[in-house]
Amino acid sequence: MGAQIAAHLANAGISSYLLDIVPGEPNDEEKKAGLTIRDKAVRNRFAAAGLKRALGLKPAPFFTKEKASLITPGNFEDDLGKVGEVDWVIEVIVESLAPKRDLMKKVDALRKPGTIVSSNTSGIPISQISDGLSDDFQKHFLGTHFFNPPRYLYLLELIPTADTLPEVVTFMREFAGETLGKGTVFCKDTPNFIGNRIGVAAMMYVIHKMVERDYTIEEVDAITGPASGRPKSATFRTGDIVGLDTLIHVAENLYEAAPDDELRDFFKVPGFIMEMQKKNWLGEKTRSGFYKRIKNAKGESEILTFDYRDVNYRAKKKASFASIELGRNFDDVSERVRNLAYAKDRAGDFFWDSTAAILIYSANRIPEIADDIMSIDNAMKWGFGWELGPFETWDAIGVEKSVERMKSEGRQVPQRIIDMLSSGAKSFYKEENGTRLYYDLTSSGYREIPLPKKLISIGLESKKGKVIKSNAGASLIDLGDAVACVEFHSKANVIGEDVLQLTEFGLKKLETDFDALVIANQGKYFSAGANLMLILMLAQEGEFDDIDQAVRLFQGIDMRIKYALKPVVVAPFNMTLGGGCEMALHAPKVRASAETYIGLVEAGVGLIPAGGGTKEMLMRSLARAPGVPDVDLMPFVREVLETIGTAKVATSAEEAKTLGFLRKTDGISMNGKFLVHDAKTTALAMASEGYRPPERQKIMALGQPVLSALTLGLYLWREAGQITEYEYHLGKKLAYVLTGGDLTSAQEVEEEYFLDLERDAFLSLCGEKKTQERMQYMLKNNKPLRN
């Protein structure tokens, strides 16, 4: 965990020392190399091994492997004096009070005044760690609980003590939000803070109820996954990821530390889990947990499920419930949860029981673990991947209706909730005049939700009457300061005719009414690409003129984005694929979330990018060629062929710069929730600096000689079994476009020449049966066909 926190600091451009204990003696490999306990390689072994493991983890803790150069491994004996050089010391050692206190005493003696020190403990009282240390230490000490993996989980719990200076707390909140890209919640110094207190209570309750009510592990995971607004890992897959040893430790710690907790008996670890620990079936780390992947007699991969009844593995069984099948029809998570809560089958019964219990439990934790409902909701969304926090879930199923049912079942509904309903308040959250309010259970009234100064909510702006025009796929919104925003809101934010028409309208409005335009949204991801379902339908019906018209429209809008007379900033985040990537490629400026997974993936469905993406990638690659006479440009064309032909997707915005999907000058926002604000700020800066669109440039088309060479390379890959026959066919189509088609020799051509080649190749591929099969497979299985 320490190495992964260091990795995320490196992602933010912050250098650090990674210190660990000194081994007792050299290992056999070190002895064979002639090393002794005096050698740095031996003394730093544990820290270096932690860094090496971090570099090999999937998903990757680092944006790019090069970021690891910002981390310097060391050890506590030789390098602890480094704490006197740094601004922040994070303790991430074993979860035991005595060694933590011992280390903090040493840090206290070596740190310079004003250095912030924090502990990443997940459950040990923060005040006990710093008790008795110097006054300056205690004023600058707090808990900073990162959730694993630190790069991907947005939550950072901040746990100040009674002695922590307010300005230290404020600084850490702002630093965590803006520099580290974290969402922070303030926690009371209580057992397991917020996330693990609620999360472990929910998990342990579900496990005990599974046994009591005779459900299978598969059934529980079907109920407690996306059907109920939770991650795909649900309950038991999450347990495997976290590790059963960690789950046992946290549950046992909570049992001992919270003697008056009303769910305390549920924190007792069931016997079958203790048996799993004895057998070292701890989850992913030991390749056996609640689930286990094996090779069967046919050599095929197979997943087995742990059967708690006989404490052994068996073949995985599919769980099926009518209510969950019905819920698949609801895109809105609130509707899906409401449907499940009141369903009259085993899934509905189990979900209602476990949900009602955790809703009441969460309400009882205020003000014990947090002062407001938002802290609990955000902790569960940001740290555990819930789509709705407990109080948002309560709103979704109806507070009044659910409380009546709870009372009828003899559940002890907190008096605060009853008083809230009696006052006329029927929900925990509501909106008034474009302002979101929450119900404060301690003061018994609604309060405005405080928002970070860099957070612009497009949804709230829309409700303030800022929508200029809207259709089924997109809206044009006035963000203020003469900046407009094109917001996608189609399903998966796919780019269809409605999105393109609204974008075209936005570009026209930019000419007359605004100083700058931002293309952004705050959905699950920026865009899954073009409307593949529509393309397939038109192709199957032979409506190729309609496809041609749609592609021309897309190409034309991308070119208008590129050459608009006023600034256009595209703000991609998360999945930005296919057409979404092409739109970003044409933007004069991009402001990307650090967590942007961007790429031209059309080859996965047997197509090539035709919205200008092929052209733009070629232009960018050729621009990197050395400006010397007779330079060989073929390697730069081949690079694009490989990137597009293998459907490469960058796993971060930083990596996107190395692959050419982003420019070196494009901006990156560590905090995705601040992305719209940052994109707007970028657009305003461009406008104030006297923006001028890029000059049109011709593109060097290398012609038939290079096409022949690329085709030979593809042939050799096919013969070596590296690509399939169809991939060879698709590769030749792409190479034909990249080299300029039928040109017999190298010459410069206009951008429109390549756009025509892209479009013709796209239309040709759409008419092929194998391409249509690939499109069908992708739409059905959400993954490309691999043959």
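Reader: Which residues lie nearest the centre of the second largest pocket?
Author: In this predicted model, the second largest pocket has a lining of 27 residues, and those nearest its centre are Glu616, Met619, Arg620, Ala623 and Gln697.

Reader: And how much space lies in there?
Author: The second largest pocket holds about 610 Å³ of space.

Reader: Which element gives the most to that lining?
Author: Helix α27 does, with five residues, and among the elements that each supply at least two residues are α25 (544-563), α27 (613-623) and the strand β23 (699-701).

Reader: How does the lining of the second largest pocket divide by class?
Author: There are 11 nonpolar and 11 charged residues in the lining, together with five polar ones.

Reader: Staying with α27, how do its axis and that of α33 cross?
Author: The axes of α27 and α33 (residues 751-766) cross at roughly 135 degrees and come within 8 Å, and the two helices are therefore oblique to each other.

Reader: Which residues meet there?
Author: On the α27 side the contact includes Glu616 and Met619, both also listed among the residues nearest the pocket centre, while α33 brings Glu751, Phe754, Leu755 and Glu758. By class, the contact of α27 with α33 has four nonpolar, two polar and four charged residues.

Reader: Changing topic, at what angle do α18 and α19 pack?
Author: Helix α18 (residues 373-384) packs with α19 (residues 390-397) at about 95 degrees, their axes being 7 Å apart, so the pair is roughly perpendicular.

Reader: What meets what in that pair?
Author: Ile373, Ile376, Asp377, Met380 and Lys381 of α18 meet Pro390, Phe391 and Glu392 of α19, a contact with five nonpolar, three charged and no polar residues.

Methods. Residues numbered from 1 in each chain as written. Predicted model: local features only at pLDDT ≥ 70, side-chain atom pairs only at ≥ 80, totals over all residues. Heavy atoms only, no water. 1 Å grid on protein atoms, 1.4 Å probe; cavity = no way out; pocket = protein on both sides within 12 Å on 5 of 7 lines; lining within 4 Å. Points joined across faces, edges and corners; volume = space filled by probe spheres on them. Helix = DSSP H or I, 4+ residues; strand = E, 2+ residues; numbered from the N terminus. Nonpolar A, V, L, I, M, F, W, Y, C, P; charged D, E, K, R; others polar. Axes fitted to C-alpha atoms, helices over the stretch in contact; angles between N-to-C directions. Parallel < 35°, antiparallel > 145°, perpendicular 65-115°, else oblique. Contact = heavy atoms within 4.5 Å.
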